[in-house]
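Biologist: Hello! I am new to reading structures, and I would like to learn how to do it step by step. Could we look at one together?

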Amino acid sequence: MSTKTSIRTPLNRVRGLGSAHHGTSDFFRQRLTAIAMALLFIPVIVIIMSLLGRNQAGAAAILGSPLVAIVMILFIIASVWHMKIGMQVVLEDYVTDEKTKLAAIIANNFFSAAVGLASIYAIIKLSSGV
Amino acid sequence: MTYRWTLTMAMSIIHRATGVALYGGTLLMAWWLIATASGPGAYANIQGFTSSWIGRVVVFGYTWALLHHMLGGLRHLVWDLGYGFGPNEREWLTRAALIGSITLTIIVWIVAYAVGGGR
């Protein structure tokens, strides 16, 4: 907290939601996605176990069945969202050069979106059987 | 100043390290899903990788990183709610996460071999 006197009230500063203007939304979403993954963990482990020892046709049939596909898509959304926030925290902590940090954060967003969309696309493709 | 490296400090940095490892590991998950959606040839390729010794080490490490990060994360959720900060509780929680992750990794792999016959 600055020792300089300001005519801005504490309430006004809080309404600005801090320097990034996002407040605690990333903090909350990090925990929200963590809880989602913890809840989905056992179903996902069961799905992966059920795929072991099968050929491609068998694995495709399981991954493409509606309930399995929905669980997997939810898990993927929670994962990539969680890892995007987590990696951004790591980058903000360790990358000191502003331009490098910005480039790294952009790359992090691209990577997380690409991995998430590619995985979801694969599951939708398996579900629709094309 | 006396400075002692504590278990909670080690677990803090391991939580970050496993998180970063899992981040990279999602490429493996994406590859596996895309291969399954692509057809038998692509599926045989990833099975070739995961059944090689290096692939086994990677997937085994991935299993441990995932379980460790999850149990460590649950520990952080307990702390977020304001519990477990006492000198005994915090050490107990930290040991439980570490021992739990190693134990669960071994159990998961025993079940995986029992179910899949090592494939």
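Biologist: Which residue just after α1(B) takes a positive phi?

Modeller: Gly39(B) does, with a phi of about 140°. Before we go on, please note that this is a predicted model, where local features need pLDDT of at least 70, side-chain atom pairs count only at pLDDT 80 or more, and totals for chains, interfaces and linings use all residues. Residues are numbered from 1 along each chain as its sequence is written, while chains are lettered from A and ligands numbered from 1 in the order in which they are written.

Biologist: How do I read the helices, and how many helices and strands are there in chain A?

Modeller: Helices (H or I, at least four residues) and strands (E, at least two) are DSSP runs, numbered from the N terminus. Chain A has five helices and zero strands, in the order α-α-α-α-α along the sequence. Chain B has four helices and zero strands, and its elements run α-α-α-α from the N terminus on.

Biologist: Why is chain B described as more spread out than a compact globule?

Modeller: The radius of gyration is taken over C-alpha atoms, and the globule rule is 2.2 Å times the number of residues to the power 0.38. For the 119 residues of chain B the rule gives 14 Å, but the radius of gyration is 18 Å, well over that value, so chain B is more spread out than a compact globule. Its C-alpha atoms fill a box of roughly 60 × 30 × 25 Å along the principal axes.

Biologist: How do I check the span of a helix, and what span should α1(B) have?

Modeller: The expected span is 1.5 Å times one less than the number of residues. With 32 residues, α1(B) should span 46 Å, and its end C-alpha atoms are 45 Å apart, which agrees. Along the way, α1(B) bends by about 30° at Gly24(B); a bend is the angle between axes fitted to the seven residues ending at a residue and the seven starting there. In chain A, α4(A) has 29 residues and reaches 42 Å from its first C-alpha to its last, close to the 42 Å expected.

Biologist: Is Gly86(A) buried or exposed?

Modeller: A residue is buried if 20 or more other C-beta atoms lie within 10 Å of its own, exposed if 12 or fewer, and partly exposed in between, with C-beta atoms placed from the backbone. Gly86(A) counts as buried because it has 24 C-beta neighbours inside 10 Å. This residue lies in helix α4 of chain A, where the buried residues also include Met72(A), Phe75(A) and Met83(A). Leu66(B), in helix α3 (residues 53-80) of chain B, is buried too, because it has 23 such neighbours. Over whole chains, 20% of the residues of chain A and 24% of those of chain B are buried.

Biologist: What does Gly86(A) touch?

Modeller: Two residues are in contact if their C-beta atoms, placed from the backbone, lie within 7 Å. Leaving out residues up to four places away in sequence, Gly86(A) touches Gln30(A) and Gly19(B). Gly19(B) is one of the buried residues of α1(B).

Biologist: How many residues of each chain are in contact with the other chain?

Modeller: 25 residues of chain A are in contact with 28 residues of chain B. On the chain A side, α5(A) gives the most, with seven residues. That side divides into 18 nonpolar, five polar and two charged residues. Here Ala, Val, Leu, Ile, Met, Phe, Trp, Tyr, Cys and Pro count as nonpolar, Asp, Glu, Lys and Arg as charged, and the others, Gly among them, as polar.

Biologist: Which residues touch the most other members of the largest nonpolar core?

Modeller: In soluble globular proteins, nonpolar side chains tend to be buried together. A nonpolar core is a set of buried Ala, Val, Leu, Ile, Met, Phe, Trp, Tyr and Cys residues joined through C-beta atoms within 7 Å. Here the largest core has 33 residues, and Leu63(A), Met72(A), Ile123(A), Leu126(A) and Leu33(B) touch the most other members. Beyond four places in sequence, Leu63(A) touches residues including Met72(A), Ile123(A) and Thr36(B).
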